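User: I'd like to learn how to read a protein model feature by feature. Could you walk me through one?

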Amino acid sequence: MHVWRKKIEMIGIDIKHLDQDMDTNRFRLKTRIMNRHFMNELNKIGLQLINMTGTFDGKLMVLLETKVL
């Protein structure tokens with residue numbers, strides 16, 4: 001979990017909250033901004049975008065999953 005958090009921060013994504021679901025091994029990332037550049041960078045480090053939704057307070061909830069090679 002800490003390794004993924006550090007990798008995501010190195011891309012430049014401002015992490016408001018990061019949580020891991022142990023059952024499905026997916027990550028829930030809460031952030032302010034997500035664009036195509038960040039999605040491509042997440043893909044390069046091994047995380048796949050599953051779903052992205054907006055919240056009432058202007059943040060994005062991004063559901064990520066590790067890619068199986």
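User: Let's start with contacts: among those between residues at least 6 apart in sequence, what percentage join residues at least 24 apart in this protein chain?

Analyst: Start with the general idea: contact means heavy atoms within 4.5 Å. In this chain, 43% of the contacts between residues at least 6 apart join residues at least 24 apart. Some ground rules before we go on: this is a predicted model, where local features need pLDDT of at least 70, side-chain atom pairs count only at pLDDT 80 or more, and totals for chains, interfaces and linings use all residues. Residues are numbered from 1 along each chain as its sequence is written, and side-chain values use heavy atoms, with hydrogens and water left out.

User: Okay. How many helices and strands are there, and what pattern do they follow?

Analyst: Helices (H or I, at least four residues) and strands (E, at least two) are DSSP runs, numbered from the N terminus. Here you get two helices and four strands, and reading along the sequence gives α-β-β-α-β-β.

User: Now the helices. Which residues of α1 are buried?

Analyst: Helix α1 spans residues 2-11, and its buried residues are W4, I8 and I11. Looking down the axis, they fall within an arc of 50°, so they line one face of the helix. That arc is the one made by the directions from the helix axis to the C-beta atoms. On the face turned away from the buried side sit the exposed residues H2, V3, K6 and M10. The cover over the buried residues of α1 includes β1 (15-21), β2 (26-31), α2 (36-45), β3 (47-54) and β4 (60-66). After α1 comes G12, with a positive phi near 115°.

User: Which residues are buried in α2, and what do they pack against?

Analyst: In α2 the buried ones are F38, M39 and L42. They cover an arc of only 100° around the axis, which puts them on the same side of α2. These buried residues pack against α1, β3 and β4, while the face turned away carries the exposed residues R36 and K44.

User: Let's do loops. Is M34 buried or exposed?

Analyst: M34 lies in the loop between β2 and α2. With 11% relative accessibility, M34 counts as buried. Not counting residues up to four places away in sequence, M34 touches I13, L29, M39, L42, M52, L60 and V62. The M34 and I13 C-alpha atoms are 7.8 Å apart, across 21 residues of sequence.

User: What about K59: which residues is it in contact with?

Analyst: K59 sits in the loop between β3 and β4 and counts as buried at 18% relative accessibility. Setting aside neighbours within four places in sequence, K59 is in contact with K16, K30, T31, R32, T53 and G54. G54 itself belongs to strand β3 and counts as exposed, at 57% relative accessibility.

User: Last one: what is phi of N25 near?

Analyst: Look for positive phi in a residue other than glycine: N25 has phi near 60°. N25 is in the loop between β1 and β2, and at 36% relative accessibility N25 counts as partly exposed.

Methods
Buried < 20%, exposed > 50% of the residue type's maximum accessible area, 1.4 Å probe, protein only.
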